[in-house]
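Subject: Structure for you to look at

Hello,

Here is the structure I said I would pass on. Please open it next to this message and follow along.

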Amino acid sequence: MSTERIEEFLGTVKSAFAGNTLVGLKLGGYHGAEPDLKTIDVKKIVAKGTEKFSFTFHYKTRDIIKNHIQPEALGLLRAALRDEFRSARLATTEFDLTYERNGDKVRLKRNEIAGRAAPSTGHDRAKNRPLTVTDKPYLHALGITGKDGQVRNDAQDKFRQINKMVEIFAPLIQAIKAEKPRIVDMGAGKGYLDFALYDYLDGNAEIIGVELRDKLVADGNATAAVSGFAGLSFVPGTILDYDAAGVDAVIALHACDTATDDAIYQGIKAGAALIAVAPCCHKQIRRQMEAGKPATELGVLLRHGIFLERQAEMVTDTLRALLLELSGYRVKVFEFVSDAHTPKNNLIVAEKDGRAGRDRDAVLRQIAETKALFGVERHYLEGLLGLGVLLTSPFGGEVGA
């Protein structure tokens with residue numbers, strides 16, 4: 001294999017990155033061991049003043065985004081080009097450079113380009129912050145601003161977090177093919193996102209916050225009335241008791257443990273176009289991993305409590321993503337706010353897609369193998385969805401529902 005050719009290609013990528021001429025990089029022809037991975041798109045971003053490579057891993061029914069500083073990124077690209085991808089195309093403002101590998105032979109082809117502009121590398125998007133006007137009754141009622149309408153010093157982090165959530169959720173809502181989408185926030189709490197999102201959408205949505213605590217329901221409705229938000233309301237009750245029929249989007253931020261699964265189930269049952277959850281706590285799966293029989297080789301990873309907790313989070317949310325795929329959703333999992341604000345910062349976004357979930361047996365097998373590997377008998381969401389016991393089959397066993 002021509003190592004020199006790979007290094008020449010990577011050197012060009014590095015130069016384009018440093019010179020702000022990088023338009024994009026796409027890797028194709030995947031032949032590695034990871035199931036369902038198709039392509040990788042790479043671009044340059046600047047997040048909190050740090051230049052990074054942003055990788056979007058495109059799987060059959062989901063996308064995963066990971067950001068890396070330059071040395072890490074180049075190492076990943078080197079391994080990918082050498083062992084896993086047969087082709088790559090680097091686009092810059094001045095030329096395209098194509099990489100093709102056939103066995104041990106590598107070929108590079110360059111085409112000159114004129115008049116192409118580099119995309120924006122801004123990732124923080126501070127100039128697009130939705131809450132630019134802070135003199136709003138709901139912001140004061142929620143403790144974000146003082147009587148002068150300015151954001152309180154002790155609420156700056158919360159204000160940035162709310163802005164970030166609106167930046168993420170607003171485009172997802174706007175992409176729903178409904179004239180006035182109906183959105184349900186399961187376990188709404190004080191409704192920070194609900195008020196900000198309704199304000200940003202200028203009332204072009206109906207938002208309902210489902211909350212178990214009566215006082216928060218009463219306070220939310222009073223604040224909505226004072227703010228003139230006629231399409232925003234809060235109702236008392238549990239997630240599973242709410243009638244979600246006709247809902248276009250289901251949201252749940254930090255609903256504890258299986259309450260997240262209750263929200264996902266309600267969205268699936270309603271056929272919602274969008275389901276977006278930020279999970280919190282993963283006790284149900286962790287207890288099974290502690291009591292079960294995970295694969296022997298995982299012993300070193302599960303021996304310490306903190307590592308067991310992290311693995312339980314990963315396993316729980318991986319199974320959630322697979323069960324959503326099984327139900328006909330295209331799934332993305334990414335970090336939606338910095339862990340400086342909250343350690344529970346992963347967001348699972350599922351969009352209804354008729355093409356997703358077609359290879360049912362393959363997804364069922366992935367679920368069964370993941371559970372067997374980590375000693376998990378049953379995910380709570382499986383029971384809600386009424387899936388059969390064959391999902392608990394070990395490696396190589398029959399799967400089905």
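Which side chain meets that of Arg-330 in a salt bridge? The partner is Asp-63, with N and O 2.9 Å apart. Before going further, please keep in mind that this is a predicted model.

**Salt bridges**

The bridge between Arg-330 and Asp-63 links two strands: Arg-330 belongs to β13 (residues 329-335) and Asp-63 to β4 (residues 62-68), so the pair ties together parts that are 267 residues apart in sequence. Asp-63 has a relative accessible area of 7% and is buried, whereas Arg-330, with 22%, is partly exposed. The cut-off that matters here is 20%, because buried means a relative accessible area under that value.

The whole structure holds 19 salt bridges. In general terms, side chains of opposite charge can pair when their charged atoms come close.

Another of these pairs is Asp-157 with Arg-160, where the N to O distance is 2.4 Å. Both sit in helix α4 and are three residues apart, so about one helical turn separates them. Asp-157 is partly exposed, at 41% relative accessible area, and Arg-160 is partly exposed too, at 33%.

Glu-211 and Arg-213 make a further salt bridge, and their closest N and O atoms are 2.7 Å apart. Glu-211 is buried, with a relative accessible area of 4%. There is also a network: Asp-261, Asp-317 and Arg-320 are joined by salt bridges that share partners.

**The chain as a whole**

The chain has 401 residues, of which 49% are buried. Its secondary structure consists of 12 helices and 14 strands. How much of the contact in the chain, counted at a separation of 6 or more, comes from residues 24 or more positions apart? The share is 64%.

In soluble globular proteins, nonpolar side chains tend to be buried together. In this model the largest nonpolar core contains 42 residues, and the members that touch the most others are Ile-144, Phe-169 and Leu-197. Several elements supply at least two residues each, among them the helices α3 (137-141), α5 (192-200) and α6 (214-227) and the strands β10 (232-236), β11 (249-256), β12 (274-280) and β14 (346-352). Helix α4 gives the most to this core, with nine residues.

What does Leu-197 contact, once its neighbours within four places in sequence are left aside? The list is Val-166, Phe-169, Ala-170, Ile-173 and Ile-207.

**A pair of helices**

Two packed helices are described by the angle between their axes and the distance between the axes. For α1 (residues 3-18) and α2 (residues 70-84), the axes come within 11 Å and cross at roughly 145 degrees. The crossing is right-handed.

On the α1 side, the residues involved are Ile-6, Glu-7, Phe-9, Leu-10, Val-13, Lys-14 and Phe-17. They meet Gln-70, Leu-74, Leu-77, Arg-78, Leu-81 and Arg-82 of α2. Sorted by type, the residues of this contact are eight nonpolar, one polar and four charged.

Helix α11 covers residues 360-374 and includes Gln-366. Is Gln-366 buried or exposed? Gln-366 counts as buried, at 19% relative accessibility, because the limit for that class is under 20%. Not counting residues up to four places away in sequence, Gln-366 touches Pro-35, Asp-36 and Leu-322.

Ala-362 is partly exposed, with a relative accessible area of 33%. The C-alpha atom of Ala-362 is 9.5 Å from that of Leu-326, and 36 residues along the chain lie between the two positions as their separation.

Helix α10 (residues 305-326) contains Glu-309. Glu-309 is partly exposed, at 35% relative accessibility. From Glu-309 to Ile-285, which are 24 residues apart along the chain, the C-alpha distance is 9.6 Å.

Regards

Notes: Residues numbered from 1 in each chain as written. Predicted model: local features only at pLDDT ≥ 70, side-chain atom pairs only at ≥ 80, totals over all residues. Heavy atoms only, no water. Core = buried A, V, L, I, M, F, W, Y, C linked by side-chain atoms within 4.5 Å. Buried < 20%, exposed > 50% of the residue type's maximum accessible area, 1.4 Å probe, protein only. Helix = DSSP H or I, 4+ residues; strand = E, 2+ residues; numbered from the N terminus. Contact = heavy atoms within 4.5 Å. Axes fitted to C-alpha atoms, helices over the stretch in contact; angles between N-to-C directions. Left-handed = near helix turned anticlockwise from the far one by under 90°. Nonpolar A, V, L, I, M, F, W, Y, C, P; charged D, E, K, R; others polar. Salt bridge = Lys/Arg side-chain N within 4 Å of Asp/Glu carboxyl O.
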